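Colleague: Please take a close look at one part of this model for me, and keep the description plain.

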Amino acid sequence: MTIKVYFEDVSVGDEMPAWSRTTDFMNWNRYAAVNDEFVPFHMDDEAGRKAGNKEGAFGMGNLRYAYLANALRDWIGDEAEIREIGCQYRAINQKNDTLTVVGRVVEKSIEGGENRVKLTTNVMNQAGETTCPGHAVLVLPNRS
Amino acid sequence: MATGVDTLISPAMEEVKGKWGEARVSPPIAASDIRKWAIATYWPETPPPVYWDEDYARTTRWGGIVAPPDFNPFAWAVRRVAPAAMAQPAGGVRLTNMNGGQTDTYGVPMRPGDVITARSRLKDFNERQGRFGLMLYTFTENEWTNQKGEFVRRRIATSIRY
């Protein structure tokens, strides 16, 4: 059992620990394999260029979504809950991009007996560009 | 790109708007499916043991292995069903389809042995002129429950076609 973050210890304005992955076919092909997501523009540079991305193949939005979930889970540990995650896909995940999930606490509340913490989140690339703005709602345990 | 058409909203889209489609039922979730999902999405790092180590997971509040929230039990369907949101737009033109994003709300976690039932509907749509001409935004609602009837996940997904 691992409790990493208690509700009482989180304040509005806090930032969650940054979480990064450098992505290429090693990540994308594994994700295609588990999600049965064999879309040509995720697998083949020529197909990626035909789809309008001059750099070639590009990464899955769903994998960036997984990175958001994983970053949150790694921060809060197993005893907390992820209640909601939302995001918009704004920029393409190019090959060899280093994607970094970031988040900032914007609200704390108790709703329906749950200790809720709301964050604004994003997935930034190595150039500091926003690729995936969004939000998350977590349910954290009490210290007492 | 949609050129020479006044609207991409078809009568078929109006017809299915708000109506739940036929339910789909997943195969039973295997612990190994969850393990592989976690390895793929954490690659190249080791995923948390609650996703693959039953002995450890038993010590957590969950009492056993659970799936990551984004786990898809419907991957590798033998028969594929087109979701309601893919009702053909008007104009008869071939459109580019982009994943615009999603908001998921989660209930109970998925576990090995669970069988998930999904239903979906075209919740809403609109269109507007954008940088690629006429752009159609569709919002699909997808709701998952488990074999006990417990709420698992609701997704509102945005699809952008132009």
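Modeller: I will take the loop that holds Asn96(A), then turn to what lies around it in the chain. This is a predicted model. Asn96(A) is exposed, because 9 other C-beta atoms lie within 10 Å and a residue with 12 or fewer counts as exposed. The loop in question runs between β2 and β3 (98-111) of chain A. Asn96(A) is not a glycine, yet its phi is positive, at about 75°.

A positive phi also turns up at Asp36(A), again a residue other than glycine, with a value near 50°. Asp36(A) sits in the loop between α1 and α2 (40-43) of chain A. With 12 other C-beta atoms within 10 Å, Asp36(A) is exposed as well.

The contact as a whole draws 26 residues from chain A and 25 residues from chain B. On the chain A side, these residues comprise 13 nonpolar, 6 polar and 7 charged.

β2(A) also pairs across the contact: 5 bridges join it to strand β2 (residues 97-106) of chain B, and the two strands run antiparallel. Within that pairing, Cys87(A) has Gln102(B) as its bridge partner.

Chain B has a backbone feature of its own. The peptide bond between Trp43(B) and Pro44(B) is cis, with omega about 5°. Pro44(B) belongs to the loop between α2 (31-42) and α3 (54-57) of chain B.

Note on methods. Residues numbered from 1 in each chain as written. Chains lettered and ligands numbered in written order. Predicted model: local features only at pLDDT ≥ 70, side-chain atom pairs only at ≥ 80, totals over all residues. Contact = placed C-beta atoms within 7 Å. Nonpolar A, V, L, I, M, F, W, Y, C, P; charged D, E, K, R; others polar. Pairing = 2+ DSSP bridges. Helix = DSSP H or I, 4+ residues; strand = E, 2+ residues; numbered from the N terminus. Buried ≥ 20, exposed ≤ 12 C-beta atoms within 10 Å, placed from the backbone.
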